[in-house]
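Q: I have not looked at this one before. Can you walk me through it?

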Amino acid sequence: MSENTQKSDSFEPRIVAFFCNWCTYTAADLAGTARMTYAPNVRVVRIMCSGRLDPQFILAALRDGADGVLIGGCHPGDCHYQEGNYKALRRFILLKRMLASLGIEEGRVRLEWIAASEGEKVQRVINEMTETVRRLGPLRLEQRQMIPAEAHGSAHAAAAHGGNV
Ligand code: FES
């Protein structure tokens with residue numbers, strides 16, 4: 001077994017998940033009560049809408065120890081606040097560009113629309129994401145240190161302007 005294989009076998013990714021209260025968080029609850037098992041690597045933070053997710057939260061999670069960030073929101077057209085998930089999507093696209101410019105791999109952040117009834121999808125997405133980040137390995141210290149404490153780039157501008165970019 002190579003050294004790299006050993007590393008990825010023993011590495012347990014830390015993933016922070018920001019889940020919308022009305023859909024994905026409820027779906028995660030459903031998965032739990034239905035005893036659907038999923039990787040224990042995810043720490044869930046409940047937010048009231050994916051549109052509430054400031055890109056700074058994602059950057060802070062990566063800077064402070066997460067190896068990946070998962071975002072779950074209501075399906076397009078189902079947001080309880082009309083357009084929060086569309087804003088989340090626009091911000092997410094900009095954030096991914098910013099992370100790519102810092103050399104942070106695409107697979108470390110993921111956005112999914114998961115309805116309250118989709119417990120199985122929560123299970124699948126969490127398991128897939130855990131495997132993806134496990135393959136990527138830990139986010140390196142140099143990568144974390146490059147993440148700005150205050151993002152002045154386009155992702156922050158999107159947050160400041162409600163994502164209307
Ligand atoms: S209320 Fe769920 S994404 Fe807006």
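A: One place to start is Phe19, which stands opposite Gly72 in β3. This is a predicted model.

Q: How many bridges join β1 to β3, and which way do they run?
A: β1 and β3 run parallel, joined by five bridges.

Q: Which helices pack on the sheet there?
A: Helix α3, residues 55-63, packs on the sheet and touches β1, β3 and β4. The direction of α3 makes about 150 degrees with that of β3. Helix α5 also packs on the sheet, with contacts to β1, β2, β3 and β4. For α5 the angle with the direction of β3 is about 160 degrees.

Q: Back up a bit. In what order do the strands form the sheet?
A: The order is β2-β1-β3-β4, in an open sheet of four strands with parallel pairing.

Q: Which are the edge strands?
A: β2 and β4 are the edge strands, and each pairs on one side only. On average, neighbouring strands in this sheet are turned by 20 degrees against each other, direction ignored.

Q: What about the chain as a whole, how many helices and strands?
A: The chain has seven helices and four strands. Starting at the N terminus, its elements run α-β-α-β-α-β-α-β-α-α-α.

Q: And how much of it is buried?
A: Of the 165 residues in the chain, 44% are buried.

Q: What share of the contacts join residues at least 24 apart?
A: That share is 83%, counted among contacts between residues at least 6 apart in sequence.

Q: Let's go to β4. Is it mostly covered or mostly open?
A: Strand β4, residues 109-113, is mostly covered, with five of its five residues buried.

Q: Which residues are on which side?
A: Val109, Leu111 and Trp113 are on one side of β4, and Arg110 and Glu112 are on the other.

Q: What does β4 pair with?
A: Strand β3, residues 68-73, pairs with β4 in the parallel sense over five bridges. Within that pair, Leu70 stands opposite Arg110 of β4.

Q: Which helix goes with those two strands, and what hand does the unit have?
A: Helix α4, residues 84-101, goes with them, and β3, α4 and β4 make a right-handed β-α-β unit.

Q: Does the span of α4 agree with what it should be, or disagree?
A: It agrees: at 1.5 Å a residue, the 18 residues of α4 should span 26 Å, and the end C-alpha atoms are 26 Å apart.

Q: Which α4 residues are buried?
A: The buried ones in α4 include Gly84, Asn85, Lys87, Ala88 and Arg91. Phe92, Leu94, Leu95, Met98 and Leu99 are buried as well. Just after α4 comes Gly103, with a positive phi of about 85 degrees.

Q: Which residues have a positive phi although they are not glycine?
A: Gln82 is one of them, with a phi of about 70 degrees. Gln82 sits in the loop between β3 and α4. It counts as exposed because it has 11 C-beta neighbours inside 10 Å, and the cut-off for exposed is 12 or fewer. Arg35 is also not a glycine, and has a positive phi of about 60 degrees.

Q: Where is Arg35, and is it buried or exposed?
A: Arg35 is in the loop between α2 (24-33) and β2 (42-47). With 6 C-beta neighbours inside 10 Å, Arg35 counts as exposed.

Q: What is buried in α2 itself?
A: In α2, Thr24, Tyr25, Thr26, Ala27, Ala28 and Ala31 are buried.

Q: What do those pack against?
A: The buried residues of α2 pack against β1 (15-20), β2, β3 and α5 (119-136).

Q: One more residue: Asn41. Where does it lie, and is it buried or exposed?
A: Asn41 lies in the loop between α2 and β2. Asn41 is buried, because 20 other C-beta atoms lie within 10 Å and the cut-off for buried is 20 or more.

Q: Which residues does Asn41 touch?
A: Leaving out residues up to four places away in sequence, Asn41 touches Glu12, Pro13, Arg14, Ile15 and Thr130.

Q: And how far is Asn41 from Val16?
A: Asn41 and Val16 are 25 residues apart in sequence and 8.4 Å apart in space, C-alpha to C-alpha.

Definitions and conventions. Residues are numbered from 1 along each chain as its sequence is written. This is a predicted model: local features need pLDDT of at least 70, side-chain atom pairs count only at pLDDT 80 or more; totals for chains, interfaces and linings use all residues. Two strands pair if DSSP finds at least two bridges between them. A crossover is right-handed if, with the strands pointing away from the viewer, the path from the first strand over the helix to the second runs clockwise. Two residues are in contact if their C-beta atoms, placed from the backbone, lie within 7 Å. The expected span of a helix is 1.5 Å times one less than its number of residues. Axes are lines fitted to C-alpha atoms, for helices over the stretch in contact, and angles run from 0 to 180 degrees between N-to-C directions.
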